[in-house]
Amino acid sequence: MIEALLSAQNLSISFGGLHAVRNLNLEVQMGQVHAVIGPNGAGKTTIFNLLSGEMSADSGSITLDGKNITTHPSHKRAQAGMARSFQANNLFPESSVLKNIMLALVASHGLAADLWRRLDKDKTLREDAISVAELVGLADVLEKPARDLPYGSQRQLEVGLVLALSPKVLLLDEPTAGMSPAETKRMLSIIDTLPSALAILIVEHDMDVVFQISSWMTVLDEGRVLFEGTPDEVRKSEVVRSKYLREF
């Protein structure tokens, strides 16, 4: 059996009397696009916050590539190989696409003390940044300030920034939120061509997007796992259809 790159075991957290996540077991394999779905309040964002270290669980454990990271703060989880994109863009708006990616590359290598010299002088760093830009479809706008990019392209750049961290596990939080159909199609194409060595966990409200891109799905109900399976199995699940009173 293939060991999961990311695993949560019996993960739980409560806020007062609200059990936001209850005894969650979740595994994400290398090469897998694993979607977490459910209605508002089901616990999707809380799970992302627990996995990325933005919140601490009341109980349970989290492992990344076989290492227990349950007590690691978010920056140590990033160092261990986890990267997360957020619903809101986290960019340097005045800097160019190229410099945004170069900054992320510098940070990933712990070279911030030598930051500006490296940005201006390091040809290898520039070449690596261009490779990332090509991967996310932004090679033709390298010198454009991030603030001047269309919204969809800004989201593409954010994916580029997290890829620059060389993650093993990528958490994508609503990657197509607010996008036009054309921008959504472009983002799906980018996700589809990401390195197969990655394990990708995605939260997304657009069910058409979810069923198109996922290889495995976890359906949540009030912080618990209601059902897991392939997109086809989720579509056919009686328990999912009876609970949500509709077919996905």
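Biologist: Among contacts in the chain between residues at least 6 apart in sequence, what percentage join residues at least 24 apart?

Modeller: This is a predicted model, in which local features need pLDDT of at least 70 and side-chain atom pairs count only at pLDDT 80 or more, while totals for chains, interfaces and linings use all residues. Residues are numbered from 1 along each chain as its sequence is written, and side-chain values use heavy atoms, with hydrogens and water left out. A contact means heavy atoms within 4.5 Å. Of the contacts between residues at least 6 apart in sequence, the share that joins residues at least 24 apart is 65%.

Biologist: Why does the radius of gyration of the chain agree with that of a compact globule?

Modeller: The radius is taken over C-alpha atoms, and the globule rule is 2.2 Å times the number of residues to the power 0.38. Because the chain has 248 residues, the rule gives a value near 18 Å, and this agrees with the chain's own radius of gyration, 19 Å.

Biologist: How many helices and strands does the secondary structure of the chain come to?

Modeller: Both are DSSP runs numbered from the N terminus: helices are H or I with at least four residues, and strands are E with at least two. On that basis, the chain has ten helices and ten strands.

Biologist: Which residues of strand β3 are buried on each of its faces?

Modeller: Buried means under 20% relative accessible area, with a 1.4 Å probe and protein chains only. Buried residues make up 50% of the 248 residues in the chain, whereas in β3 (residues 33–37) five of the five residues are buried. One side carries Val33, Ala35 and Ile37, and the other carries His34 and Val36.

Biologist: In which sense, parallel or antiparallel, does β3 pair with strand β9?

Modeller: Two strands pair if DSSP finds at least two bridges between them. β3 pairs with β8 (residues 199–203) in the parallel sense over four bridges, and Val33 stands opposite Ile200 there. On β9 (residues 216–221), Val219 stands opposite Ile37. Over four bridges, the sense of the β3 and β9 pairing is parallel.

Biologist: Which residue in the turn between β1 and β2 has a positive phi?

Modeller: β1 (residues 6–15) and β2 (residues 18–28) pair in the antiparallel sense over seven bridges, with Ile13 opposite Val21. The two strands form a hairpin with two residues between them, and the turn residue with a positive phi, about 65°, is Gly16.
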